[in-house]
Structure formats: C-alpha cells, structure tokens
Amino acid sequence: MEDGPVKFRSFMEPLLQVAVNLEASADAAFRTDVVKYAFTGLMRDLRGIAMATNSRRTYGLLFDWLYPSRMPLLLRAISLLTDEPEVTTPLLKFMSEFVLNKAQRLTFDSSSPNGILLFREISKLIVAYGSRILLLPNGTNIYRSKYKGIWISLTVLSRALCGNYVNFGVFELYGDRALADALDISLKMTLSIPLSDILTFKKLSKAYYGYMEVLFNNHITINSVLNLDTSTFVHIVTSLESGLKGLDTGISTQCASAIDSLAAFYFNNITAGDNPPSPAALNLARHIGELPSLFPQILKSLFEIIIFEDAGNQWSLSRPILSLIMISEQMFSDLRAQILASQPLDQQQRLSQCFDKLMTDVTRSLEPKNRDRFTQNLTTFRHDFRAK
C-alpha cells in the first residue's frame with residue numbers, strides 16, 4: 001500500500017530468495033514436492049500482492065520486480081508441469097490478476113514498450129501451456145485436469161486483449177507472431193471442448209463467452225475466427241446462438257455483442273462496402289455463402305426471445321437484430337412472414353401492423369442514433385405484439 005521502492009524491495013526480499021532458489025533448481029527437481037510447494041506458494045503470494053497494487057506506481061514496482069528477470073521461471077514451470085494442475089492453476093490465476101487493468105494501473109508512458117513486452121510474455125505462457133495441454137489424455141476428472149486451466153487461460157487472454165495497454169497493430173507491422181500465436185492456440189483450446197461441456201460448467205462458459213465477445217469485438221479482422229474453415233466458423237457462431245438462449249443474462253449479453261460485431265462487420269464491409277473487400281471480409285462472405293441459413297436462424301432466435309420470453313437484456317438483444325436486418329431486407333421479410341403464419345388468423349393483421357411500425361423512421365445505417373431509434377421501436381413492438 002505504501003509506494004516507496006526501498007520498502008517494497010525489502011518486503012519482497014524473502015520472495016526473491018524463493019525465486020532465485022527455484023531458478024537454480026534443475027529441470028528434474030521441478031517434479032519433486034519441495035519445488036512444487038515452493039513454486040505454488042510463490043505464485044499465491046505474488047497474486048495477493050498483485051491484487052493489492054491499485055495504482056500505477058505500486059503496479060510499476062511489481063512489474064519491474066517481475067519483468068524481465070523472473071518471467072523465464074514462470075515459462076519454465078508451466079512448460080515442465082503442464083500436467084500438474086496444482087501448480088499451473090496458481091500460476092495462471094496470478095497471471096490473470098497481473099494482466100487485469102483495474103483502476104487504470106497498467107498505464108505506461110507513451111514511450112514505454114512495457115505493454116507490448118507484457119503481452120509477449122503472456123503469449124509465450126499461453127502458447128506453452130495450450131500446446132502441451134492439448135496433447136495430454138483426458139483424465140478421470142477432465143474439469144480439474146484440463147478445463148480449469150483452459151478457462152483461466154482464456155480469462156488471462158481476454159483481460160490482456162481488452163486492457164487497453166497494447167497497440168496490437170505493432171505485432172503485424174513488425175512480423176511478430178505473439179498475437180497471432182496466442183489467438184491461434186486459444187481457439188484450438190476452445191475447440192477441443194464439446195459445446196455441451198462449455199454449457200455445463202459455469203465458470204468455463206463465462207470465460208469462453210467472455211473471450212468470444214472480446215475476439216469478435218476487437219480482433220475480428222486479425223487472423224483468427226474468419227480464417228477458420230467454414231464448419232469450425234459455423235460451430236463457433238452456433239455456440240453464440242446457444243449462449244443467447246441460455247438462462248444467464250450476462251452470457252446472453254456477451255453473445256449478443258459478439259453477433260452484433262459480426263453482423264455489423266458484414267454489413268459495413270460486404271453489404272454496404274464500396275472498396276474492394278479485405279481478405280477477412282471475403283472469408284466471411286465465403287462462410288455465409290456456404291451456409292446461407294446461418295444469419296436467418298440467429299435472427300429468428302433473437303426475435304423469439306424478444307417476443308416470447310421476459311429477457312432482462314432487451315437493449316443488448318436489439319443491437320444484433322438491427323445489424324442482421326440491415327444485411328438483408330429479404331431475410332427480414334421472410335422471417336416476418338414466418339412469424340405471422342405461426343399466429344392465429346384473427347391476430348395476423350394486427351401483428352402485421354406491429355411489424356410495419358418496427359421500422360418507422362429507421363434508416364439503412366448502423367449509426368448510434370439509428371440504433372437507439374430502432375431499440376425504442378422494438379420495445380414498443382414487443383409490448384404491442386404481446387398485447388391480448
């Protein structure tokens with residue numbers, strides 16, 4: 001809590017001795033209980049200290065203590081002991097806390113490369129862990145042996161990707177694979193888990209959908225989701241639709257946000273795009289071309305939730321609905337006919353008028369004012385549609 005560097009160094013001296021001793025240990029010794037207990041104790045202590053650093057200055061003291069001298073120890077431990085969750089879990093939980101930009105504590109000077117350097121270390125750790133965990137056989141307790149480590153890894157990466165302390169364009173500009181490799185291995189980890197298991201384990205599903213929201217919102221153009229083969233891309237988007245229908249409002253909101261980003265990207269770059277489309281846009285057009293029912297199915301699910309369920313996040317759900325409607329008026333008119341046909345005959349004319357009012361004063365754009373107008377119309381539409 002006190003931000004004096006001299007006091008901080010003396011406070012950290014016992015931990016430094018533990019770290020130095022661990023660094024001097026041979027690789028074979030890492031599998032002994034003495035070394036494992038010492039390392040997990042160090043990770044738990046560091047996590048506690050990281051949780052207490054609530055200012056830029058105190059965080060800087062811990063960062064300078066850890067980087068670059070202590071980072072090789074963490075990489076070595078996660079590489080040698082991937083199959084020991086009692087070691088990897090405290091390590092990953094420490095990193096999850098260390099990369100969290102709470103209270104803007106991870107604000108480096110404009111000339112400092114520290115944000116980029118930190119992300120490179122995160123990438124090394126996640127790639128080392130992910131590439132090894134995927135090769136391990138599924139144990140009797142798969143959640144403990146694999147899923148827990150994977151969901152904490154996804155949390156680490158999500159927090160780093162949206163912490164606002166890394167200019168990610170630097171990696172591609174200078175041919176640095178840190179970002180591409182981290183995204184690649186994280187997608188492989190998520191795809192190794194059946195969707196039924198993602199939906200079963202609450203902490204896993206929260207981390208998975210939180211990661212997908214960050215990926216679709218911030219990194220859709222980077223070599224990640226759109227570069228996958230169509231069946232894998234469809235699997236991921238279908239998992240977002242499953243999350244929409246779940247009982248957890250937080251997850252439903254994250255899924256709506258991810259779908260909105262995808263649909264808005266399609267609208268801006270393919271439907272309304274003037275310039276030659278980017279490679280990412282061409283990939284998305286190819287995926288949708290191979291499965292044209294994907295967007296109509298999601299739009300149908302969103303309307304069913306709005307009309308027939310009492311969702312507490314209607315504002316969030318309205319966002320992807322407008323983006324999908326903008327992509328294709330034909331898709332919207334087909335869905336409208338489908339919904340009306342499913343209603344009693346004596347109600348169809350009234351409900352048709354509800355649909356007419358839905359698009360009142362809504363223009364063909366995704367500008368914030370237009371989105372807000374549509375959201376207001378959708379609230380009225382839902383009320384009128386459900387009126388007896």
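Because the model is predicted, local features were considered at pLDDT of at least 70 and side-chain atom pairs counted only at pLDDT 80 or more, whereas totals for chains, interfaces and linings use all residues. Residues are numbered from 1 along each chain as its sequence is written, and side-chain values use heavy atoms, with hydrogens and water left out.

The protein chain contains 19 helices and 0 strands, where helices (H or I, at least four residues) and strands (E, at least two) are DSSP runs numbered from the N terminus. Along its principal axes, the C-alpha trace spans about 80 × 50 × 45 Å. The domain assignment divides the chain into domain 1 (1-193) and domain 2 (241-387), with bounds that come from an automatic or database domain assignment; the C-alpha centres of domain 1 and domain 2 lie 40 Å apart. Of the 388 residues, 49% count as buried, a term that denotes under 20% relative accessible area, as against exposed for over 50% and partly exposed in between (1.4 Å probe, protein chains only). The accessible surface of the chain comes to about 18,200 Å², of which 54% belongs to carbon and sulfur atoms, the areas having been computed by the Shrake-Rupley method with a 1.4 Å probe, and with only the protein chains shown counted as cover for residues. Among contacts (heavy atoms within 4.5 Å) between residues at least 6 apart in sequence, 74% join residues at least 24 apart. The mean positions of the 39 positive and 37 negative charges are 4 Å apart, with Lys and Arg counted as positive, Asp and Glu as negative, and His and the chain ends not counted; the place of a charge is taken as NZ of Lys, CZ of Arg, CG of Asp or CD of Glu.

Helix α12 (residues 230-244) has 15 residues and reaches 21 Å from its first C-alpha to its last, close to the expected 21 Å, the expected span being 1.5 Å times one less than the number of residues. Helix α12 is mostly covered, with 11 of its 15 residues buried, and these include Phe233, Val234, Ile236, Val237 and Leu240 as well as Glu241. Helix α15 (residues 294-308) likewise has 15 residues and an end-to-end C-alpha reach of 21 Å, close to the 21 Å expected. Among the buried residues of α15 are Leu294, Phe295, Ile298, Leu299, Leu302 and Phe303, together with Ser301.

The C-alpha atoms of valine 214 and alanine 258, which are 44 residues apart along the chain, are separated by 7.7 Å. Although leucine 351 and phenylalanine 385 are 34 residues apart in sequence, their C-alpha atoms are 6.0 Å apart in space.

Most residues other than glycine have a negative phi, and most peptide bonds are trans. A cis peptide bond, with omega of about 0 degrees, joins tyrosine 67 and proline 68, and proline 68 lies in the loop between α3 (56-66) and α4 (71-80). Alanine 103, although not a glycine, has a positive phi of about 55 degrees; this residue lies in the loop between α5 (85-98) and α6 (114-133) and is exposed, with a relative accessible area of 59%. Aspartate 361, also not a glycine, has a positive phi of about 65 degrees. Aspartate 361 is found in the loop between α18 (348-358) and α19 (368-386), where it is exposed with a relative accessible area of 60%.
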